[in-house]
Structures are given as C-alpha cells and as structure tokens.
Amino acid sequence: MDPGATSAPMALRPPTALAGRVFALLAAGYFVAFVSIAPWAGSPGTTQPGVVVMVASAIVLVNLACALLLTDWYCRTGRPALLILAAGSTFGAVMALAHAATYPGALLERPLFGSEQTVAWLYLAWRIGLAITYLAATLVEAAGVTARSPARRVGHAAAAHALALASCALAAVWASGFATIALAGERFSTVNHTLAWLAALLHFAALGLVLLKRFFNDTLYLWLSLVLAAAITDLVLSNLGGSRYTLGWHAARGSFVVSAFLLLVYLTKESAEQMPQALLPRVAAYAGALAAAFAAVFLRWAMHPWLGQSATYITLYGAVALSVWLGGWLPGTLCAVTGFAFVAVLLVEPVGSLVPRDVGAMLQIALYALSCAFIIGLGQGMRRASARYRGSESRLRDSERRLAAELSSMERLHGLSSRLLTTRDLESGLRDILDNAMASCEADFGAIQLYSRSAGGLQVAVQRGFGEPFLEHFRLVREDDRAAASARALRTQQRVVIEDVTRDAEHAVHVGLAQQAGYRALQVTPLRSHHGQVLGVLSTHHRSPHAVSTREAKLLDLYARHAVDLIERMRAEQALKAADRRKDEFLATLAHELRNPLAPIRNSLAIMGAVKPLPERLEKVRDVMSRQVRHLVRLVDDLLDASRITLRKVQLHKERTSLRALIHEAVESASTLVQGGRHQLHTVVPDDDPLEADVDATRIVQVLVNLLNNAAKFTPPGGMISLTAVREDDTAVITVRDTGAGIAPEHLETVFEMFSQPAPVLYRTEGGLGIGLAIVRGLVELHGGTVRALSAGLDKGSEFVVRLPLDPAGAPAAEQRPASASPGEPRRPRRILVVDDNADVVTTLRQYLEMHGHDVREAHDGVEGAHVAAEFRPDLVLLDIGMPRMNGYEAVAEIRKRLHGHPVRIVAITGWGQYDDKQRAFAAGFDLHMTKPVDPAAVAELL
C-alpha cells in the first residue's frame, strides 16, 4: 500500500451497463435458488464435520483478501466507509477461523476452547458482527463523513483492524462462558433462531439504506447490496432448516461463501483495472482461486449423498472458470490442482489416496484435466479480449474526458476573453485570469507578479490562497535572487517547474516557507510581451507533488498571453490618457499664451476706434487688424471647443428657446464674412412657427454660424447661400446650401472628423484648422440631433442638414434672446483697478478706460494689486489670474479681505478660459469671468 500516493486515488465509479446486467442476473439467480431450496430446507444432508473446514478456509482466504484491498482503497481515497468494511472483513476472517476451531470434529475432536455451545454462539456473534459492520458502513456513507488526512490514514487503518481483532477476542471470551443453550443436540434453540432473525433484520436494514439512498450508483455498493441479499438468504435458509446438516444449513454455508466471493470479485477486478502493476490484486486473485477451490469441494461434499461417485469433479469447473476470470491462467491452474487434490482425497474411492483405482478413474482424471485446460484457455482468451475491450473503453473514456476538459477550457477561455475586452481595471482583469488558470490546472494557490523597473524586481499584483507571512516574504523578488523560482523565470524567460519543492536544491531556502504556506509543487510562467520583454510572471501551486502536463502548459501559455495583452492594453490606455491630459494642458497653455498678446492688440484697436476722425488709410488698417484678430480669436476658441467636445466636457445650459430667433441671430453674426465674399444669402424660416426647442442657445448659434462661415469660405465670390428651416413632426430640419467648391463623395463622412480638409487647397482662401464641422457635429449630437453632409461632387456646391428635436408642449418661447440694456443715462465715472503682469495689457486697457472718463490705477502682480486696492478702494477690479508672487485666486481673497465692507466688483480677465477655470474662479470669489482677449466695449458694459 502507498497511502501517500494521493495524486492518483482509486476511482469509485458508477456501474456500467454490463455491471447492472450481471447484478440483475445474480439477484434473479439468488431468488430462484432460494425459492427452489426453501421447501426442502429441513431435508437431511451430509453429516461430515469436515465441510466446515472447507467453508472456513474459503471464507478466511476471501475475507483476508478483501481486507487487504479495502484497506488499500481507504488509504488511497480516504472514504471512512471503506475502512469500516475492511475491519469487518478482518473480523469475518478471524471469526471463521475460530468457528472452525471450535466445531466438534472439524479440526479437532473437541472444541479448541469453550464448550459444545461455544461454536453456536461464535457463529451468531460472527453473523451479527458482520451485520453491524455493513449497517455502520452504509450509515457513515449516508452521513457524508469526510475523508481523513492522507498522513493519518495508515494509523487509522491499523487502529480499525486492531479493534476488529479485539472484538473477535471479546466474542470468543463471551461465547466460551455463555451458559444459555443455543444447540439442543443438532437443533437450534429458540434463542438461536431469534438471534439469527435479528442478524437477518440488521442485514435487511443495511440493504434498505443502500436502496433508499441510491448508493447503488456506486459500483461498490451495487455489489455490497448483493452481499447483503446473500447474507439474508443464508440466514433465512439456515433458520428454515432448523438444525445442523440439513439442506438449508448446507445451502446457507454455500450462500455465505458466495456472498464473500461477490465482494472479492468486484474488488479484484476494479483494482486490477486501475492498478495493473500492483501486487495486491494478484495476491487477492490467488487467494480467491484457493477459496474457490475450497468452496467447490464443499459444494461437492454437500452433494455427495445424492451424487455418490458420479460427476466427481463437476463443481470444480465453475471454480476454475471463476479463478481464471479473477487472475488469469495461473490462479485457474492453482484452483484446478488444489480442487482435484481435495476431491480425490476426500470423496474418491479409496478415500485418502490420490492414486486412481482403475482405468475408469484414470480416464475421468484425464477428462477433468482436458476440461480444465479448455476452460483455462478459453477463459484466458476471453480475459485478454475483455482487457482489450476495457483498454479501448478506457481510452475512449479518456478521450471523452480530454474532449470535455478541452471544451471546458475553451469555454472558460472564451468567457475570459469576452470579459477582458470590457474590463477597465487591471487588478480585476488579472484576478480573473489567475482564477481561470488555477481552475484549469486544478491548483490550490496562485499569484501574478508584475515587474517594476523602479522597484527593481517582481511585486505581487494579485494572489489566491497565500497568507500574510508568505506575501510579506515575497513582497519584492529581485531578479538576482537565485532561490526564488519567479526570479529564475524572469532571468531565463522560460517556464520554471518544481514538481516537489522538498527535492529542488535551488528552492531549499524557501522549503520551510512553502511548508508553512501549504504547497509542495509550483510552476512559474513568464509574461513576455510582443517585444520580448518580461512584464511579470504567472505562478500556480499545488498542495501535493505535481508535474505540469502538456495540456496544462498550453493553457498556461494562453492565460499568460491574455495577461500580457491586458497589461499592454491597460498601459497603452494609461499612456493615451496621459498624452490626452498633456494635450489638454498644452492646448490650454497655448490658448493662454495666444490670448495674452491678443488682449493689448484688441485694446489698442479699440483705442484707435475711439479716436475720431481717424485718417482713412489708418481706418482701413484698423478694420483689417480687427478682422484678423477676430479670426485668430475664433481659431483659438474653436481649437479649445473641439477638444472639449471630443472629451464630452462641454456643459450645456439648456432653456426653452425659439430656433427661429437663433437663426436670425446667427445670420447677423455671419453677415460680415458673407458680405465680405459678396455672397447672396437667402433665409427661409416659418413665420407662424417659432420652432421651440430645449437647447443651449449660444451653442446652437455657434453651430449655425460655423455652417454659414464654412459656406462663405468655400464659395467663390458672388455665390449663393441659403438657410432654410422647416418642421417635420417633432423635429426641426435646418439646411444650409451653397454653390461653392462642393465635396467629393468619398469625403462626405470624413468632413466631420477633426482636422479634416477635404476641399482643394486652392479653395482654402480663408484658411482654418479643419475643426469647424467637427464642432458642429459634436454640439448637434450633444443636443440629441444629427447632421449630414450632401454634395453632387466637386464644384457642384454642398448642403448640410441639421435635425434637432423640438419641444411640442409648453408656452411659446421668446422670439429673440434678451438684448443688452440700452445705454440710458450717461454712466458716471468709476474707480477701476487693472491688475495684470502683462504691461501692454494694463497700459492699453487703462488708456481705453481713461478715454471714457474713468479713474484707473494699475498693478503688475497680486501683491501690488492688493496693496493698491486697499489704498485706492476701487469700484471695479479687473484681475488677471496667472501672475507672479501672488496669483489671481489668492489675490481676490486678499483684496476682499482688505476691502471688507466696501462694495467692489472683481472680474477675472485671463487667458485661462476652460469650463474648469471658470468654475474655479467663481469658487475663489470672482464675480465674473472674461476670457482674453476681452473686447474693451464689453468691459465698458460692466460699468
């Protein structure tokens, strides 16, 4: 026995169709035999006590063989019920020997110990003890008692057999001194009958439990149920016989032998199939052959009063066939020779001699030898055919299991791949990969370690099953660690497999930690990127020694590839996010840096516009500069809008608005560029329908202005532009057509992409970044609408169709957006403080405001601004944000602190104009946020 070989335990399989048919045939045979014998159970039979020796010999051999095989099975599987059955077999063997030793005239003329009654009480103790054993095994199985630790199974087995031997000793002592009569001559007493019926009832209870719990789905219990049925049969027949040496008594002992054989046959066949090279099945086969010979001799002896000297060897043929089936031709030959010897000595005249008395006896022996040779040859051939069939069946089952395992692995991999496509968290994705890898390899522990260049080694990313001491020890595994398997895999970029850590010299340093963690075997698979770099390792660990199979190796490689793909994708996404963040920061900084110089230019143009009269030539120059400044401001705004729309960072401020009013506003805003191109613009909107919608009015105007400007830019001078709006159910359809450059068919979809420039270079007279239409689509889609481009081709004009959802319910919206208040009474002079680190901005804005009669002071950083504000006590502070020494966010708090109680309006005038910048300005204490370059006229409106 090898109790430590837990890696390949004995399989306890469900019965095959053949086993079911054999079970049914034997059960039917038992029933027929019982019905046939029961009416003549009281008939007298042979009175030779020697038959007891034959029965006892057969039972001792069979039970000892069963005890060995069941003990081996228990040590391999750990099922407690098997240990109970093994101890019961030991108990049965010893009790059979004690029964023969105390049977008068069997081995000795007088009982070896006790009295004439001892043999009867030993027999009853024997049968009741076996009944209790079978019932206990089925009860333990029904209770679902778990397997014992492999390290303790041998000790448990030794203790169980010692308990069985102690029970035999106690039964012998009890039977020797018990005074009650069990036998009156050869007849059974009432007490004997009662106890025999009790034993039958206990066997019947065990059989009922097997049937109730459907244990016969396990082949072992299928055969055990036959043993129980045979035991019930022999107890009933013995009781019906009423005394010793009756036909019922002889049939009961024959059934007893057969029931013992049934369990041995099953155990031997199963052990031989699952352990073909093991010694125990062969030993059991020879023991079974001897037992079969003894049983056949007993049966012939019991039949001798009726058969006499005819058919002397008739019962041996079945025993030889059974022996061949159990173990092959050698056990069959042993059974044939042993059976012949006993029959010749005990039954053939002259009794006690092996020498044939005449030619007829010699012919009978020759016929017996030829018959046995034929049976052995035929049986061996059938055995080999059966072995080939079992081999084919086993290979087929193995193939089915492999296919099922492959299918399960593929399904697991498919599910994992689907989940990894949508995961956005590296840790959860790696944990999913590790769980599936452990399940595929049936591992008990696992971990994924990632290589950190900054840390200089491997760090645990996810793990399963390990305790804190283990994780702390392997918190960082450096590449130069000679003992750690993960470091070896990192250095060699090859899988490292340790089938038993106790036998690996390099891993000896970590053996104590491995034993504490509970694993004996491990493998480490490197996670190699597509560029050959090791990103980390995937390791799985087993509690017992384990070799990585080819299938497991392939699966581990697949899981490693999944892990690599996930890691690289996550890192690429992180890099993209970082690049996107840097791009946003760059755009914001670029806008800020571009707006700062534009601010003094716009201020200067406003100052020039306030000087009247201005020479005509300078007036034209100022107009050119104003247009170009507006164009540059629009480019900067479009660039930032495009970025915010792409990232869905635009905040819409929706309200019930008339699209008809917004169309008029957009036409007015675009009129400068349309008139500059000498185009004719036709607008067609419904007079009786305001086209009410829940929209951000500023953004919708921006959409329409971009479309009109786009049409103006790409239409040759003197072209036609039209803007129409109609209602279609609950949708507003706004169409902008032109007679310009047109769009090639292959560019009708790409025109809405960022930085798209589908028009020929010669038509780009107005320049542009190619982002206006991308802004249009983004803003329209944010409103739940669509935009589409149409064109018959180059030089055939283009058409853009915007569809926006309308609000069919509610009160009519205003026809136009609220206009700024009329100047009214002349504004009184105000005290204004301008704070900016750009001297040109401060100087030009101050000059403009002073030209309008205001008292203006200036400062060039936050500290100076707070100091001047405290002395000057202004009505309005125009405060930059990005300044040295003290930025605008800090300065606004300091100014309000120093002007506590003084009414002052503080406006942020800055190049930082994104949504987050505005929210931060309001949170810091600014009353208003204006993005550079600010129109000085808009500043004047604040006053």
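Me: What does the model rest on, and how are residues numbered?
Reply: Residues are numbered from 1 along each chain as its sequence is written. In this predicted model, local features need pLDDT of at least 70 and side-chain atom pairs count only at pLDDT 80 or more, while totals for chains, interfaces and linings use all residues; side-chain values use heavy atoms, with hydrogens and water left out.

Me: What is the average pLDDT of the chain?
Reply: The protein chain averages 82, and 89% of the residues score at least 70. pLDDT is the predictor's confidence in each residue, from 0 to 100.

Me: Where does pLDDT stay under 50?
Reply: Residues 1–11 are one such stretch, with 23 contacts beyond four places in sequence. Residues 760–767 are another, with 12 such contacts. Contact means heavy atoms within 4.5 Å. Where pLDDT is low, the predicted coordinates should not be read in detail.

Me: Turning to the sheets, in what order do the strands of the parallel one run?
Reply: Its 5 strands form an open sheet in the order β17-β16-β18-β19-β20. The edges are held by β17 (855–859) and β20 (928–931), each with a single partner strand, so one side of each is left without a neighbour in the sheet. The twist averages 20° from one strand to the next. Strands (E, at least two residues) and helices (H or I, at least four residues) are DSSP runs numbered from the N terminus, and two strands pair if DSSP finds at least two bridges between them.

Me: How many bridges join β16 and β17?
Reply: Strand β16 (residues 831–835) pairs with β17 over 5 bridges, in the parallel sense. Leu 833 stands opposite Arg 857 in β17.

Me: Which strands does helix α23 touch?
Reply: Helix α23 (residues 839–851) packs on the sheet and touches β16, β17 and β18 (876–879), with its direction at about 170° to that of β17. Helix α24 (residues 862–872) also packs there, touching β16 and β17, and its direction makes about 150° with that of β17. Axes are lines fitted to C-alpha atoms, for helices over the stretch in contact, and angles run from 0 to 180 degrees between N-to-C directions.

Me: And the 6-stranded sheet: parallel or antiparallel?
Reply: Its pairing is antiparallel, in the order β5-β4-β3-β8-β7-β6. Strands β5 (476–478) and β6 (496–498) are at the edges, each pairing on one side only. Strands β7 (residues 521–528) and β8 (residues 534–542) pair over 8 bridges, and Leu 527 has Gly 536 in β8 as its bridge partner.

Me: Which helix lies across β3, β4 and β8?
Reply: Helix α14 (residues 426–441) does, running at about 70° to β4.

Me: Which side chains meet Arg 431 in a salt bridge?
Reply: Glu 427 does, at 3.1 Å from N to O. Glu 427 and Arg 431 are separated by about one helical turn because they are 4 residues apart in helix α14. The structure holds 24 salt bridges, a salt bridge being a side-chain nitrogen of Lys or Arg within 4 Å of a carboxyl oxygen of Asp or Glu.
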